Amino acid sequence: MINQTKSRAAAGAWAAGSNDPDQWIGVCLGSPKKVVKVALQGRSENNQRVTQFRVKYSQDGLAWHFADDETFFEGAKDANTVVTHYFKKPFVARSVRINPTAWNEHISLRFEVYFEESCNY
């Protein structure tokens, strides 16, 4: 979650098991939602961060599509500055994944996916 900090119970970010471009973290929205933006931060109190990423989405968990025509989004420049990207083409999805493609030190991030509540799509 954005602005989560390191504590005894939490590391202050998600950290991938290994550093390679096949890593991802995702969120299930439960029901179809119109996704309009994503926000990203580096790892709390650390230099680990994702510096570039892509976003994938799915309505069924089987067929995945890239957001904004496979755009590579700019990631975090430091541990705490929030980087927000509004999608040029908002999409309807039940699941959204962040796929890191470049990073500093180790793949680590905090993120949020923002959507519209009404489902008139």
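Y57 is buried, and F91 is buried too; buried here means under 20% relative accessible area, exposed over 50% and partly exposed in between, with a 1.4 Å probe and protein chains only. The model is predicted: local features need pLDDT of at least 70, side-chain atom pairs count only at pLDDT 80 or more, and totals for chains, interfaces and linings use all residues. Residues are numbered from 1 along each chain as its sequence is written, and side-chain values use heavy atoms, with hydrogens and water left out.

The search of the whole structure returns 4 aromatic pairs. Rings of Phe, Tyr and Trp (its six-membered ring) pair if their centres lie within 6.5 Å; planes under 30 degrees apart count as stacked, over 60 as edge-to-face and the rest as tilted. Y57 and F91 form a stacked pair, 4.0 Å centre to centre with 15° between the planes. This pair links distant parts of the chain: Y57 sits in strand 3 and F91 in strand 6, 34 residues apart. Strands (E, at least two residues) and helices (H or I, at least four) are DSSP runs, numbered from the N terminus. Ring pairs join F53, Y57, F73, F87 and F91 into a cluster.

The largest nonpolar core holds 21 residues. Such a core is a set of buried Ala, Val, Leu, Ile, Met, Phe, Trp, Tyr and Cys residues joined through side-chain atoms within 4.5 Å. V35, F53, V55, F87, F91, V96 and I98 touch the most other members. Two or more core residues come from each of strand 2 (25–41), strand 3 (49–58), strand 6 (83–104) and strand 7 (108–116). Contact means heavy atoms within 4.5 Å. Residues up to four places away in sequence aside, I98 touches Q23, W24, I25, V38, L40, F53, R54, V55, L109 and F111.

Strand pairing comes next. Two strands pair if DSSP finds at least two bridges between them. Strand 2 and strand 6 run antiparallel and are joined by 11 bridges. C28 stands opposite S95 of strand 6. Strand 3 also pairs with strand 6, in the antiparallel sense, over 9 bridges. Here F53 stands opposite P100 of strand 6.

Two charged side chains sit over rings. The criterion is NZ of Lys or CZ of Arg within 6 Å of the ring centre and within 35 degrees of the ring normal. The charged end of R97 sits over the ring of W64, 3.9 Å from its centre. For K37 over the ring of Y114, the distance to the centre is 4.6 Å.

H65 lies in strand 4, which spans residues 65–66. H65 counts as partly exposed because its relative accessibility is 41%. Leaving out residues up to four places away in sequence, H65 touches V55, K56 and Y57. H65 and V96 are 31 residues apart in sequence, and their C-alpha atoms are 9.6 Å apart in space.

E45, a residue other than glycine, has a positive phi near 55°. E45 lies in the loop between strand 2 and strand 3. With 62% relative accessibility, E45 therefore counts as exposed. D69, likewise not a glycine, has a positive phi near 55°. D69 lies in the loop between strand 4 and strand 5 (73–74). Its relative accessible area is 60%, so D69 is exposed.
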